[in-house]
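Here is my note on the model you sent. Please read it with the structure open.

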Amino acid sequence: MRVAICDDSQLDAKRIEWALTNVSNDLEIIYFSSGHAFIEAVEGGEEYEVVFLDIYMPGENGVDVAERIRDLLPQIGIIFSTSSPDHAVEAFKVQAVDYLIKPSTELDIIKAFTRVGLSADRRANTVLIKAGGEILVFNQAEVARIESDKHYTHIITSDGTDTTLHMNYSDVAAKFKRGFMQVKRGLTVRMDQISRISGDVVHMSDGLEFKMSRDRKDELIRMYLGYMEGEASER
């Protein structure tokens with residue numbers, strides 16, 4: 001496997017290289033001191049399965065480099081390694097596998113590298129939310145519902161974990177699209193967590209019950225049936 005490390009800091013690049021030597025002896029690791037040099041190499045016919053890419057390089061934005069590389073090598077696993085969380089949302093728009101904050105530990109680097117093996121569908125199922133100084137990552141398949149609570153929003157997973165955000169409910173709920181529907185004002189649920197719909201009541205697999213918005217009842221039932229039929233046809 002060919003791995004590129006694109007970073008203007010040789011020390012940071014060496015840290016990544018040292019960590020990767022503990023993963024496999026079959027890695028061919030090539031260092032580039034700029035995004036321009038890396039793009040030129042790929043345009044010249046070189047192929048890579050993974051790239052560790054800095055965002056802050058002299059005269060360059062690593063996200064722009066990633067967009068060009070994604071066009072040239074659609075299947076490449078992109079791992080950002082940078083000093084700030086400010087570009088994390090942009091990073092996931094180019095389907096980055098991970099976003100490491102320097103200085104990264106050896107374990108962080110190894111974990112990020114192993115995530116390259118995840119399928120594109122799994123990566124597409126990831127929701128990234130920037131809350132304050134944190135970047136929160138959610139797997140949509142693990143989220144049961146999103147609830148509004150005045151000035152707060154709760155993201156509740158299937159195992160009952162409740163992540164409370166001081167954020168607008170609509171902004172948060174809009175990020176969850178695959179298999180979700182808003183059953184009433186301030187409540188969005190994952191459809192495969194619905195055990196049945198009786199009249200205008202949605203029964204959830206964890207025993208909770210919610211009344212659907214009356215004016216959208218027929219629309220919501222059609223949406224639910226369409227989703228479940230689609231899921232059944234894919235099995």
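The points below go through the sheets, the helix contacts, the cavity and some backbone details.

1. The structure is a predicted model. The angles, volumes and contacts below should be read with that in mind.

2. The parallel sheet. Five strands form an open sheet in the order β2-β1-β3-β6-β7, and their pairing is parallel. The edges are taken by β2 (28-32) and β7 (98-101); each has a single partner strand, so one side of each has no neighbour in the sheet. On average, neighbouring strands here are turned by 20° against each other, with direction ignored. As background, strands of a sheet pair through backbone hydrogen bonds, in either a parallel or an antiparallel way.

3. Strand β1 (residues 2-6) and strand β3 (residues 50-53) run parallel and are joined by four bridges.

4. Two helices side by side. How do α2 and α3 lie relative to each other? The axes of helix α2 (residues 35-43) and α3 come within 10 Å and cross at roughly 10°. An angle under 35 degrees counts as roughly parallel, and α2 and α3 are therefore roughly parallel to each other. On the α2 side the contact is made by Gly35, Phe38, Ile39, Val42 and Glu43, which meet Val65, Arg68, Ile69 and Leu72 of α3. By class, the residues of this contact are six nonpolar, one polar and two charged.

5. The antiparallel sheet. A further open sheet of five strands has the order β12-β11-β10-β14-β13, with antiparallel pairing. Its edge strands are β12 (162-165) and β13 (180-184), each with a single partner strand, so one side of each is left without a neighbour in the sheet. Neighbouring strands of this sheet are turned by 20° against each other on average, again ignoring direction.

6. Four bridges connect β13 with strand β14 (residues 187-190), and the two run antiparallel. Phe180 stands opposite Arg190 of β14, and Gln182 stands opposite Thr188 of β14. Two residues lie between the strands of this hairpin, and Gly186 takes a positive phi near 80° there.

7. Rolling a probe the size of a water molecule over the atoms shows where empty space is left. With a threshold of 30 Å³ or more, the count is one cavity. The volume of the largest cavity is about 40 Å³. Which residues line the largest cavity? They are Asp12, Arg15, Ile16, Ser81, Lys102, Pro103, Ser104 and Ile109. Helix α1 (residues 10-20) gives the most to this lining, with three residues. Sorted by class, the lining has three nonpolar, two polar and three charged residues.

8. A cis peptide bond. Lys102 and Pro103 are joined by a cis peptide bond, with omega at about -5°. Pro103 sits in the loop between β7 and α5 (106-114).

9. Most residues other than glycine have a negative phi, and most peptide bonds are trans. Gln95 is not a glycine, yet its phi is positive at about 60°. Gln95 lies in the loop between α4 (88-93) and β7.

Conventions: Residues numbered from 1 in each chain as written. Predicted model: local features only at pLDDT ≥ 70, side-chain atom pairs only at ≥ 80, totals over all residues. Heavy atoms only, no water. Pairing = 2+ DSSP bridges. Axes fitted to C-alpha atoms, helices over the stretch in contact; angles between N-to-C directions. 1 Å grid on protein atoms, 1.4 Å probe; cavity = no way out; pocket = protein on both sides within 12 Å on 5 of 7 lines; lining within 4 Å. Points joined across faces, edges and corners; volume = space filled by probe spheres on them. Nonpolar A, V, L, I, M, F, W, Y, C, P; charged D, E, K, R; others polar. Parallel < 35°, antiparallel > 145°, perpendicular 65-115°, else oblique. Contact = heavy atoms within 4.5 Å.
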